[in-house]
Amino acid sequence: MLRKLILSVIFINCLSAGTLKIDDKISNFSLTDQFDKIHTITCDISTIIVTFQKKTLMMVNDYLSSKSENFLENHHAIFINNISSSPTIITKMFTLPKLRDYKYTILLIYDESNTKFEKQSDKITTYSLENGFIKNINFISSIDELDRVLK
């Protein structure tokens with residue numbers, strides 16, 4: 001009986017582990033930042049910014065570099081960069097040291113099987129949330145669009 005209960009809980013978690021969609025409630029999850037510090041994401045967040053390529057990472061960096069150090073925190077936003085496609089040696093030798101130079105926190109996805117966030121080529125994915133529920137998903141390609149999302 002207990003085994004069936006455990007298996008059903010695991011099965012339900014696997015079903016809910018898919019890509020986030022509009023009206024989904026985000027469950028608390030944790031990611032490490034560029035300094036290997038663990039951050040737990042809760043329903044207090046109102047904006048999630050996700051990048052998957054160096055080009056979009058640099059675009060977000062250009063935007064955030066012109067803002068205050070607490071800009072993301074003040075806007076209840078988090079920035080996530082998926083670095084799972086980068087070879088481990090490149091990540092450790094080049095990517096992480098570069099990311100550590102940034103004045104803001106970047107949460108990192110190392111696992112290529114993490115499909116929680118939608119992506120489009122050469123686009124930044126943004127999720128707008130209210131009380132932990134996803135209200136809007138945008139795929140943006142300019143700093144002006146990013147500025148409008150974070151207003």
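Trainee: Which residues does G18 touch, not counting residues up to four places away in sequence?
Mentor: G18 touches T115 and K116. Keep in mind as we go that this is a predicted model.

Trainee: And how many residues apart in sequence are G18 and K116?
Mentor: They are 98 residues apart in sequence, yet from C-alpha to C-alpha the distance is 5.7 Å.

Trainee: Where is the place of G18?
Mentor: G18 sits in the loop that runs between α1 (2–15) and β1 (29–33).

Trainee: Why is G18 called partly exposed and not buried?
Mentor: Its relative accessible area is 28%. Buried would need a value under 20%, and exposed one over 50%, so G18 counts as partly exposed.

Trainee: Okay, new topic. How many residues are in the largest nonpolar core?
Mentor: That core has 21 residues, and I49, L64, F79 and I106 have the most contacts inside it. Two or more residues each come from α2 (54–65), α3 (71–74), β4 (77–82) and α4 (88–99).

Trainee: Which element gives the most to this core?
Mentor: That's α2, with five residues.

Trainee: You mentioned I49. What is I49 in contact with, leaving aside neighbours within four places in sequence?
Mentor: Quite a list: V60, L72, I78, F79, I80, I124, T125, T126, L146 and L150. There is also a second, separate core of 18 residues, with I80, I109, L129 and I134 among them.

Trainee: Let's turn to pockets. What volume does the largest pocket have?
Mentor: About 410 Å³. Its lining is made of 18 residues, and those nearest the centre are L72, E73, A77, I78 and T105. At least two lining residues each are supplied by β2 (38–41), α3 and β4.

Trainee: How many of the lining residues of the largest pocket are nonpolar, polar and charged?
Mentor: Eight are nonpolar, six are polar and four are charged.

Trainee: And how much space lies in the second largest pocket?
Mentor: About 270 Å³. Here 15 residues form the lining, with K54, L57, N81, I83 and T95 nearest the centre. The elements giving two or more residues to this lining are α2, β4 and α4.

Trainee: Which element gives the largest share of the lining of the second largest pocket?
Mentor: α4 does, with four residues. By type, the lining of this second largest pocket divides into seven nonpolar, six polar and two charged residues.

Key:
Residues are numbered from 1 along each chain as its sequence is written. This is a predicted model: local features need pLDDT of at least 70, side-chain atom pairs count only at pLDDT 80 or more; totals for chains, interfaces and linings use all residues. Side-chain values use heavy atoms; hydrogens and water are left out. A nonpolar core is a set of buried Ala, Val, Leu, Ile, Met, Phe, Trp, Tyr and Cys residues joined through side-chain atoms within 4.5 Å. Buried means under 20% relative accessible area, exposed over 50%, partly exposed in between (1.4 Å probe, protein chains only). Contact means heavy atoms within 4.5 Å. On a 1 Å grid over the protein atoms alone, a cavity is a set of points where a 1.4 Å probe fits but cannot get out, and a pocket is an open set with protein on both sides within 12 Å along at least five of seven lines; lining residues have an atom within 4 Å of a point. Grid points are joined across faces, edges and corners, and a volume is the space filled by probe spheres set on the points. Ala, Val, Leu, Ile, Met, Phe, Trp, Tyr, Cys and Pro count as nonpolar, Asp, Glu, Lys and Arg as charged, and the others, Gly among them, as polar.
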